[in-house]
Amino acid sequence: MQLSNMYQEVILDHYKTPRGKGLQSPFGGEAHHVNPTCGDEITVRVLLSDDGKFIKKISYDSTGCSISQASASIMFEQVDGKSLDDFNKSSDEFLAMMQSKGNFEPNEDLLGDGISMIGVAQYPARIKCALLSWMAAKDAIIRANGDK
Amino acid sequence: MTNTDSKIKLDIKKIQLDFPILSREVRNHRKLIYLDSAATSQKPQVVIDAQNNFYETINSGVHRGAYYLAELATDAHEHARETIAAFVNIKPEQLVFTKNATESLNLLSYSFLNATMKTKFGSVVDKRLILNPGDEILVSELEHHANLVPWQELCLKTGAVLKWIPITDQGLLDYSKIESLISPKTKIVSISHMSNVLGSITDLELVGKAAKSVGAFFFIDACQSVPHMPVDFSKLGADAIAWSGHKMLGPLGIGLLAATDELLEIMPPFISGGSMIETVSMQKSTFTKAPKKFEAGTPPAAEAVGLGAAVEYLQKIGMQNVHNHERHLTKLMVDGLKNIEGVTIYGPTDDQDRGSTVSFALNGLHPHDVGQVLDDMGIAVRVGNHCARPIMDKLKVQSTTRASTYIYNDDSDIQALLEGIDEVFRFFGTK
């Protein structure tokens, strides 16, 4: 069944036991993103290192479908404690994968469990669900940097 | 002739054959089970043919051109107006064609804004259309955004204040609150006839009487009612009703506004330009009478003709028969959902008069995921907030799954949905 391409075990696992969920303080930037078609919502907080080059702490709180929740959990695992450079590489790779309609060889080093989201890219209505957390994180980082 | 009141059993299998899309396969070569008619309905072949026929045989500009084709096109356009007007028991000149119901409601709200603005610069307008700061507009908590946001916007531009009738836990208007919400300050009452989320039907007589008791205009969003039950404009006590063509078997891109002669006379134009004028000079223009006053620009004539064919199709079936059939399906659906453990139904669940739109939740699962698994089985339902976010807040949910029927749905579609829901629970291992 095609459906199991989207709902891979690893996705359902992140959905049922999300990693890193819960907003934390202190933080340097916060962004709240909404998917108006289905009402998914996420708030992402980012605390950057003093030189602005590392994500010291990323935290989030969210409500929504399995894809958006799993994506947030996977994103957290992948970028917490990493450099902004790494974040951008992962974020770009994830975006490229989601826009690929499924014709993509995802880089596991950059995406971690995120490679399991390749099946989601075949369902246009769900791409936004998968991207929500990444886009919110990007915004939170911009805001955290703006405070410097 | 309309087949009202007859208790005939409709031959749904035969009706389904009139809808070409119902014979196509969807995901995984599944048969399409379409349960999203509250969003948009499917189109019978006669509607598709009527629209194609317009383009193939009489396409030309309506209401302009003295040549043969232009006459035929104009006749077809106006014949459609007559058919649709008769369907809700009004005169053709009381029926305005718009782009969709949202535009119809904006036409109403902008009339107040335009009148209020124009009077500041010397135009003579009917005083009843002028809004002053502190005037009130009354809607309800179960409105579709189309009957909420235009009024919020109007308030922001005029200083009027928006009030709303709350809904009860059963998803009905809390009529006990009307008395305290309505006053001589109330200038407009605009209410949905049937909720597009919960299927609940509004007691229009009660709300209309309250509106009229303070001299307010009374408008109805009839998007979910006109396609599914007999609606007689003269019996609603309303100044205007708005609805869309595409939810009643007609083409996309055509909406409707039915209004009293008086309101159409006093409302200034909404969109202005060609076709809606009498005389134009560089200094000023005068406007033609309704409905053309509100139909600036080249009209979507093929869509109007297609909608006329849709109305004729519905009249042959009979609107009471449509409603009876859908009440039967609704009972089947509501009773079936009640019997599935882990399903929560929102809105009326007893056997009262209600629409065939049913919102529900599968406990522990997000509607988007529910819809995805149902889609895998060929079942099309709507998931989300259904353009009615305030109801979601009231229900304390983020979104719901919504199934809605029409004349082409049968018992097996409901059965497929109920079995599909079991499959959703199994798929996510929550049962």
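1. Let me begin with chain B, where buried residues make up 52% of the 431 residues. Please keep in mind throughout that this is a predicted model. Chain B has 14 helices and 15 strands. Its radius of gyration is 22 Å, close to the 22 Å that the globule rule gives for 431 residues, so chain B is as compact as a globular protein of that length. Along the principal axes, the C-alpha atoms of chain B fill a box of roughly 70 × 55 × 35 Å. Of the contacts in chain B with a separation of 6 or more, 70% are accounted for by residues 24 or more positions apart.

2. The domain layout of chain B deserves a look. The chain is divided into domain 1 (12–31 + 318–427) and domain 2 (51–315). The C-alpha centres of these two domains of chain B lie 29 Å apart. Domain 1 of chain B gives 23 residues to the contact, and domain 2 of chain B gives 23 residues.

3. On the domain 1 side of that contact in chain B, the elements that give two or more residues are helix 11 (319–338), strand 12 (357–362), helix 13 (389–395) and strand 15. Helix 11 of chain B supplies the largest share of this side, five residues. By residue class, the domain 1 side that touches domain 2 in chain B divides into nine nonpolar, nine polar and five charged.

4. Strand 15 of chain B (residues 400–404) holds a residue I would inspect, B:A403.

5. Not counting residues up to four places away in sequence, B:V424 touches B:L362, B:L365, B:V370, B:V373 and B:L374.

6. The C-alpha atoms of chain A fill a box of roughly 50 × 30 × 25 Å along the principal axes. Buried residues make up 45% of the 148 residues in chain A. Residues 24 or more positions apart account for 62% of the contacts in chain A with a separation of 6 or more.

7. Helix 2 of chain A (residues 9–16) has A:I11, A:H14 and A:Y15 buried. Seen down the axis of helix 2 of chain A, its buried residues fall within an arc of 105°, so they line one face of the helix. Helix 3 (66–79) of chain A is included in what covers them.

8. Finally, how many residues of chain A are in contact with chain B? There are 11, and they meet 12 residues of chain B. The chain A side divides into five nonpolar, six polar and no charged residues.

Notes
Residues are numbered from 1 along each chain as its sequence is written. Chains are lettered from A and ligands numbered from 1 in the order in which they are written. This is a predicted model: local features need pLDDT of at least 70, side-chain atom pairs count only at pLDDT 80 or more; totals for chains, interfaces and linings use all residues. A residue is buried if 20 or more other C-beta atoms lie within 10 Å of its own, exposed if 12 or fewer, and partly exposed in between; C-beta atoms are placed from the backbone. Helices (H or I, at least four residues) and strands (E, at least two) are DSSP runs, numbered from the N terminus. The arc is that of the directions from the helix axis to the C-beta atoms. Two residues are in contact if their C-beta atoms, placed from the backbone, lie within 7 Å. The radius of gyration is taken over C-alpha atoms; the globule rule is 2.2 Å times the number of residues to the power 0.38. Ala, Val, Leu, Ile, Met, Phe, Trp, Tyr, Cys and Pro count as nonpolar, Asp, Glu, Lys and Arg as charged, and the others, Gly among them, as polar. Domain bounds come from an automatic or database domain assignment.
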